[in-house]
Amino acid sequence: MRGIAVALICGLMAVAPTWAGSLPALKEAYDGDFLIGAAFSDHHLDDTDPENRKELEVMGRAFNCVTPENLMKWDSLQPEEGRFEFGRADTFMAFAEREGLGVVGHVLVWHSQTPDWVFQDAAGQPVSRDVLIQRLRTHIHTVVGRYKGRITYWDVVNEAVLTREVVDETLPKDEDGNPQTVREAYWRESQWRTIIGDDYIELAFRFAHEADPHARLIYNDYNMIFKSKADFVADMVRGLRANGVAIHGVGMQGHWHLNYPSMDELQGSIGIFSSAGVKVSLTELDIGVLPLVDDYRGADISVNAELQDQLNPYRDGAPAEVLERQAQKYRSIFEVLLKNRDVVERVTFWGLSDRISWRNDWPMRGRTDYPLLFDRQCLPKPAYYSLHELGEGPRP
């Protein structure tokens, strides 16, 4: 894929119009409420694939903003120190600008998909705090500076906070005499934090703001429906803003399921972030329909379970009743978002069609999942029409 020329997508949207021209557009149904976006996959760079061409046409028709899944992550843009590779990202930008789509840059600082060299010296030993700060500044200024004025939002820091269950001795034991647990949030021990310290987050936001003072800067994370994590992140936001740091929003990843979250959880988290004085985006929305693996509700890409037939029940297609449940789940989420449209500024689906969703290989490689609004033929599913109908209706 690295060898694909920038020109590949230049003629993508010049193809003869297809059925997508008559597709009711979500961006129009929610105009004036919040932006409606989708994620652009690496696969979409290949315009020789007719399926990719179809999906890109649908993307331009249905949505008004777009996020690159991997094309702007550190390992894609600077695989070796000082060697920046912008060809694929520039191709993506050309498509987005041709279609008039707002762009979300994803992501500047993350513990994953960052090359080892970033944290090591020539001997393979950890670099000093000063060296890593300089590398951080150089990368952010180079990347954000290249697209200054062209990218509306940046996911500056991604997934810096974790949660765990801990025993709370202050609570009475349950009816079986077992101690009760609560979920607490804590900092992820990434190499960023180990080498630089807690202020690596502040530094990242300061560098991004220096590079483009007009870009809207976001902190992005999963499991933000847990109150403990939402409170933790909201306190972090308050602290940054009190120090004069530009942080404009919180991105709630939405890698969710038919069974969760509850709408009370979603409403509670939106309220917590609103009270911290920032806008909220739903940044990576998809609704899985397959059985959960060990009841895991997170989105840690390192989770990898062995394929099991009983956890992959819909190889030949999801039953209609499952797709109807999914449509209702999406609709319930959007009903909450509409009630909070003064706080919510964007919703981005993490992909366009079930064909290339990351959930087909996570947390169990080789499954057949159905988490998005379009099926494997890029035809709209019940969830798409349900959301469009809701968007066309009266506002709460």
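Setting aside residues up to four places away in sequence, K329 touches H257, L258, N259, Y260, P261, M263 and I287, where a contact means heavy atoms within 4.5 Å. This lysine is found in helix α10, residues 320-339. K329 is buried yet has no salt bridge; buried here means under 20% relative accessible area with a 1.4 Å probe, protein chains only, and a salt bridge needs a side-chain nitrogen of Lys or Arg within 4 Å of a carboxyl oxygen of Asp or Glu. The nearest side chain of opposite charge is E265, 7.3 Å away.

A word on the model: it is predicted, with local features needing pLDDT of at least 70 and side-chain atom pairs counting only at pLDDT 80 or more, while totals for chains, interfaces and linings use all residues. Residues are numbered from 1 along each chain as its sequence is written, and side-chain values use heavy atoms, leaving out hydrogens and water.

Now zoom out. The protein has 11 helices and 11 strands, taken as DSSP runs (H or I, at least four residues, for helices; E, at least two, for strands) and numbered from the N terminus. Of its 396 residues, 55% are buried. Among contacts with a separation of 6 or more, 79% join residues 24 or more positions apart.

For a helix pair, look at α5 (residues 129-146) and α7 (residues 200-211), which pack at about 35° with their axes 9 Å apart; axes are lines fitted to C-alpha atoms over the stretch in contact, and angles run from 0 to 180 degrees between N-to-C directions. On the α5 side, the contact includes I133, L136 and R137, and on the α7 side Y200, L203 and E210.

Technical notes:
Buried < 20%, exposed > 50% of the residue type's maximum accessible area, 1.4 Å probe, protein only. Lys, Arg positive; Asp, Glu negative; His and termini not counted.
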